[in-house]
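Hello,

Here is the structure I promised to pass on to you. Have a look at it first, and then read my notes below.

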Amino acid sequence: MNVHEYQGKEILKRYGVAIQEGLVAETADQAVDAAKKLSEQTGTQWWVVKAQIHAGGRGKGGGVKLAKSIDEVREKAGNIIGMNLVTPQTGPQGKKVHKVLIAQDVYYPGPNPTSEFYMSVLLNRTTGRNIIMYSTEGGMDIEEVAEKTPERIFKEEIDPAVGLQAFQARKIAFNLGLSGNAFKEMTRFVAALYKAYEHTDSSLFEINPVLKTSDDRIIAVDAKVNLDENGLFRHPDFEAMRDVLEEDPTEVEAAEHNLNYVKLDGNVGCMVNGAGLAMATMDIIKLAGGEPANFLDVGGTANAARVEQAFRIILKDPNVKAILVNIFGGIVRCDRVAQGIVDAYRNIGNIPVPIIVRLQGTNADEAKRLIDESGLKVYSAIELKEAADLVQQVVG
Amino acid sequence: MSVLVNKDSRIIVQGFTGNEGTFHATQMIEYGTNVVGGVTPGKGGTTHLDRPVFNTVSDAVKQQGADVSIIFVPPAFAADAIMESAEAGIALIVAITEGIPTKDMIMVREYLRGRQCRLIGPNCPGVITPGEAKVGIMPGFVFKRGKVGIVSKSGTLTYEAADQVARAGLGVSTAIGIGGDPIIGTTTREAVELFMNDPETEAIVMIGEIGGGLEAEAARWIKSTGNRKPVVGFIAGQTAPPGRRMGHAGAIIGGAEDTAAAKMKIMSECGIHVAESPAIIGKTIAGVLGKVSA
């Protein structure tokens with residue numbers, strides 16, 4: 001589950017990670033109040049207005065602005081709230097901004113130069129252990145750093161039996177070229193960050209940049225936090241952080257019906273049991289000359305109610321020109337699924353696009369007969385190859 | 001011969017008396033699998049499905065000589081169940097449970113390090129040796145006895161492959177569903193290695209999906225050990241967009257290396273017969289075996 005920057009920072013702060021402080025606002029007036037309050041709390045003279053959407057690269061799209069007066073806070077917050085923000089990560093359609101974070105200015109002048117670092121915590125799938133990945137090149141696109149100057153990216157793997165050790169935090173601070181108070185601050189920062197990661201069942205932390213301020217404090221200026229969906233049951237308070245405005249409305253509706261649905265931009269919808277077969281079915285559609293309009297796993301119990309709900313979800317997408325149903329009936333009997341399809345079809349009334357149903361497994365022949373004799377505009381198949389050919393016929 | 005499980009395996013079910021455990025244990029027994037009992041803490045001493053129920057895995061090992069355990073315990077308690085089995089000396093642990101937190105699996109993996117046991121899964125359909133033992137949730141009738149080993153991250157796609165193998169007039173030695181989570185007990189490479197060392201298995205079907213580096217690792221290992229048996233490969237998710245999770249917790253494209261195209265390219269370069277379409281897995285394996293015997 002993704003959360004916003006302001007929520008991510010809130011989580012980090014609970015575990016003692018030093019952050020760039022800020023207050024969230026949904027209107028220009030709220031932004032002004034937030035700015036005044038923040039000045040009282042932190043003494044900041046300037047403010048950063050940051051669009052809160054679930055995508056990176058916000059600065060590049062004009063979603064992060066410095067305000068040097070309260071009037072500028074009002075103006076810039078007003079401009080950003082409601083804008084359609086396009087960043088390298090949102091795709092060309094962009095994302096609508098509903099909230100801004102009014103954050104303190106942390107690049108204030110002081111005795112020492114500031115510097116920016118990169119730091120992330122994530123799972124190394126090969127070793128099955130968490131790693132802290134960090135770089136001297138903060139504030140930049142990390143993929144680009146990895147490509148051009150891989151020697152500037154460091155990794156520290158954590159032994160799960162003992163957790164993060166002090167020498168590892170020191171190593172990180174040394175590799176980042178720090179000394180004196182900034183060095184100490186960094187070791188504390190790393191320890192708190194890893195503790196937060198472990199305690200919250202997170203699947204990714206990305207702090208870019210981590211800032212060394214002019215007075216040698218180490219703080220998280222941005223925070224990308226992904227929470228492990230499988231661990232959410234242990235953190236019921238995180239559920240309130242879910243922002244459905246950031247998700248596709250059809251995906252949200254599908255999730256409410258326990259359907260695993262991901263919207264894509266093609267023209268052939270699909271309904272499949274099992275995630276692997278669902279991906280393979282999308283591939284079949286592509287190879288047959290169409291483009292998949294979605295990923296949809298109906299799960300093990302493909303009964304009439306679920307099938308009907310799945311049809312309704314798929315049909316919400318106006319781009320869908322055909323639907324391929326691909327069910328491998330193992331323990332679930334194909335004839336039951338076929339009956340479910342026929343019932344669902346009749347309940348919905350008129351389905352305006354052709355449907356190809358491929359049912360294989362237990363009672364597949366009876367299922368095919370049921371579909372063929374239903375009188376509905378449904379093409380039936382048993383083998384996957386036949387289904388692929390039918391897709392080609394329909395979209396071609 | 002086969003790998004991992006056979007008619008002599010002594011199998012227990014953890015989460016035996018729950019809904020899932022009861023349903024699938026019944027199916028396993030009907031298939032002819034040698035289920036010798038089950039474990040449900042607090043119900044020890046009772047019987048379920050005409051088999052003894054134990055409080056601990058340890059008791060089941062002592063009293064029934066169990067050597068394989070299949071786990072249907074809910075996600076919050078599954079890591080504990082796996083570790084209990086490992087501690088009790090179970091040689092093969094098959095974890096069906098979907099939705100175990102990654103943090104728990106990091107601990108499990110650490111706990112299993114250096115122990116004499118193998119974990120399959122979690123989030124997998126299990127393992128089947130046709131005609132001998134079904135230790136999983138797969139429809140048994142799809143799997144015909146034969147000489148093709150199947151290793152797969154996906155459930156229904158495994159059934160699909162097994163069905164195509166059967167339609168091609170061939171059969172399966174053992175099928176191993178390794179699971180679709182980011183951390184799994186047995187990797188693609190380890191499963192392939194089992195088949196390479198199994199005299200009965202003549203060819204291997206290796207089914208992967210987007211995310212992670214398991215298929216590339218297996219492909220490189222196959223090449224480095226001299227392509228001892230023909231391998232047919234398929235990767236699901238050629239059309240999946242980057243950064244989106246496709247059902248399985250581990251099925252997410254994180255970089256250029258874990259796309260379907262990248263994996264298929266590496267597999268091809270390593271001498272694996274890559275099926276571009278999931279509809280031609282059976283045809284491809286038949287072609288490969290035809291060439292071998294000719």
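A word on terms before the sheet: two strands pair if DSSP finds at least two bridges between them, and helices (H or I, at least four residues) and strands (E, at least two) are DSSP runs, numbered from the N terminus. This is a predicted model, in which local features need pLDDT of at least 70 and side-chain atom pairs count only at pLDDT 80 or more, while totals for chains, interfaces and linings use all residues. Residues are numbered from 1 along each chain as its sequence is written, chains are lettered from A and ligands numbered from 1 in the order in which they are written, and side-chain values use heavy atoms, with hydrogens and water left out.

Let's start with chain B. Its open sheet has seven strands in the order E3-E4-E2-E1-E5-E6-E7, with mixed pairing. At the edges, pairing on one side only, are E3 (47-48) and E7 (118-120) of chain B. Within the sheet, E5 (residues 68-71) and E6 (residues 92-95) of chain B pair in the parallel sense over four bridges; B:Ser69 has B:Ile93 in E6(B) as its bridge partner.

Two helices of chain B pack on this sheet. Helix H2 (residues 57-64) touches E1, E2 and E4 of chain B (contact means heavy atoms within 4.5 Å), and its direction makes about 140° with that of E4(B). Helix H3 (residues 75-88) touches E1, E5, E6 and E7 of chain B, at about 170° to the direction of E6(B). For these angles, axes are lines fitted to C-alpha atoms, for helices over the stretch in contact, and angles run from 0 to 180 degrees between N-to-C directions.

Now the interior. A nonpolar core is a set of buried Ala, Val, Leu, Ile, Met, Phe, Trp, Tyr and Cys residues joined through side-chain atoms within 4.5 Å; buried means under 20% relative accessible area, exposed over 50%, partly exposed in between (1.4 Å probe, protein chains only). The largest core has 99 residues, and B:Ile70 and B:Val94 are among those with the most contacts inside it. Its largest share, eight residues, comes from helix H8 (residues 275-287) of chain A. A second, separate core of 39 residues includes A:Ala169 and A:Ile172.

A:Gln168 counts as buried because its relative accessibility is 6%. Beyond its neighbours within four places in sequence, A:Gln168 is in contact with A:Glu156, A:Glu157, A:Ile158 and A:Gly163.

Best wishes
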